[in-house]
Amino acid sequence: MGDRLKQLGLYPSEPGKGKNVWTCIGYLLSFRDSDVVAIHDCDIVTYERHMLTRLIYPIINPHLPYLLSKGFYPRVGDNVMNGRVSRLLVSPLLLALKKVIGDRDYIDFLRAFRYPLSGEVAMRVSTLPDLRIPSDWGLEVGMLSEAWRNLAPKSVCQVEIADNYDHKHQDLSPEDAAAGLNRMATDICKSVFRKLAADGTVFTMNIFRTLKATYYRTALDLLEHYSADAAMNGITIDRHKEEASIEMFAEAIMRAGQAFLDSPFESPFIADWSRVHSADPGFIDDLRAALDQDKALL
């Protein structure tokens, strides 16, 4: 199957979460019998069945107008404040972008989400053929970007799906830019920069330098709020590790900015399934047959 896509120039060459989700979407579409799809992380250590029910309810309820539902939840486990990438990178980065490049509807859209990096999202299957899946670790932000491009704001909602949520944590990997949260941070930043550029924002290295400085100051200010919040609720927070994370994320912003400027023609998305179907109308059915054959061998 991969050779057929390679001949068409549509093969998702980079392995990872994005490619996995993209393949699963193609397999689902081949059945032509589903109205709603839910995607959620598979490493949730506090998983309960009602999480899925809460996530999909706004989509399956015929009296509600929503086409996409984004899950959120508190990120506190064992009295420790988690969610480092969201708290220490995404939130201050979006604030810094508003200061540096001005107001953008896209930035306001992302800031409206309580937890934009959650892996839990449900949507109508009718939205999937035109959904462009990011090929790197910017999957969650990339999917929200597609929702902003394709859907009316009133058709998107967010819902609290758990009172207690925890999953396996990735290493920070400050010494390796290609691993752990270090790579994730870079890919998230690139995803945001690409979307803003596609919306008409002009980036230069001087802008990225200013953005890094503004981000760093904004993140430290937010850290004061997090520390006060932790103290008031009896939660542990390690200021040294938090500031070390901010320093690493600041470098990730510069690394993402340099990568964006060096490869302006890089395609950040896997081809959507509408394009695959147009290029090879029989591919989706053959994909299903191949995967069913693999399942039979297990």
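**Helix packing, then cavity and pockets**

Analyst: Begin with helices H4 and H9, which pack at an angle of about 50° with 10 Å between their axes. Keep in mind that this is a predicted model.

User: Which two quantities describe a pair of packed helices?

Analyst: The angle between their axes and the distance between the axes describe two packed helices.

User: Which residues of H4 and H9 make the contact?

Analyst: H4 brings Arg 84, Val 85, Arg 87, Leu 88, Leu 89 and Leu 93. H9 brings Glu 242, Ser 245, Ile 246, Phe 249 and Ile 253. By class, the contact of H4 with H9 has seven nonpolar, one polar and three charged residues.

User: At what angle do H4 and H7 pack, and how far apart are their axes?

Analyst: H4 covers residues 84-101 and H7 covers residues 180-198. They pack at an angle of about 30°, and their axes are 11 Å apart. Angles under 35 degrees count as roughly parallel. H4 and H7 are therefore roughly parallel to each other. H4 passes H7 in a right-handed crossing.

User: Which residues meet between H4 and H7?

Analyst: On the H4 side they are Arg 84, Val 85, Leu 89, Val 90, Leu 93, Leu 97 and Ile 101. On the H7 side they are Leu 181, Met 184, Ala 185, Ile 188, Cys 189, Val 192, Phe 193 and Leu 196. The class count for the contact of H4 with H7 is 14 nonpolar, no polar and one charged.

User: What lines the largest cavity?

Analyst: The lining includes Lys 17, Lys 70, Glu 120 and Glu 140. Ile 39, Leu 68, Val 121, Leu 139, Met 143 and Leu 144 also line the largest cavity, as do Ser 118 and Gly 119. Strand S2 (68-72) and helix H6 (139-150) are the elements that give two or more residues to this lining. H6 has the largest share, four residues. By class, the lining of the largest cavity has six nonpolar, two polar and four charged residues.

User: Next, the pockets. What is the volume of the largest pocket, and which residues lie nearest its centre?

Analyst: The volume of the largest pocket is about 1000 Å³. Its lining has 43 residues, and those nearest the centre are Asp 41, Asp 43, His 167, Lys 168 and Met 184. Elements giving two or more residues include H4, H7 and H9. The largest share, six residues, comes from H2. The lining of the largest pocket splits by class into 20 nonpolar, 12 polar and 11 charged residues.

User: Which element gives the most to the lining of the second largest pocket?

Analyst: H4 does, with six residues. The second largest pocket holds about 640 Å³ of space. Of its 25 lining residues, Ser 86, Arg 87, Ser 91, Arg 114 and Tyr 115 are the closest to its centre. H4, helix H5 (105-111) and helix H8 (205-232) each supply at least two residues of the lining. By class, the lining of the second largest pocket has 14 nonpolar, five polar and six charged residues.

How values were computed
Residues are numbered from 1 along each chain as its sequence is written. This is a predicted model: local features need pLDDT of at least 70, side-chain atom pairs count only at pLDDT 80 or more; totals for chains, interfaces and linings use all residues. Side-chain values use heavy atoms; hydrogens and water are left out. Axes are lines fitted to C-alpha atoms, for helices over the stretch in contact, and angles run from 0 to 180 degrees between N-to-C directions. Angles under 35 degrees count as roughly parallel, over 145 as roughly antiparallel, 65 to 115 as roughly perpendicular and the rest as oblique. A crossing is left-handed if the near helix is turned anticlockwise from the far one by less than a right angle, and right-handed if clockwise. Contact means heavy atoms within 4.5 Å. Ala, Val, Leu, Ile, Met, Phe, Trp, Tyr, Cys and Pro count as nonpolar, Asp, Glu, Lys and Arg as charged, and the others, Gly among them, as polar. On a 1 Å grid over the protein atoms alone, a cavity is a set of points where a 1.4 Å probe fits but cannot get out, and a pocket is an open set with protein on both sides within 12 Å along at least five of seven lines; lining residues have an atom within 4 Å of a point. Grid points are joined across faces, edges and corners, and a volume is the space filled by probe spheres set on the points.
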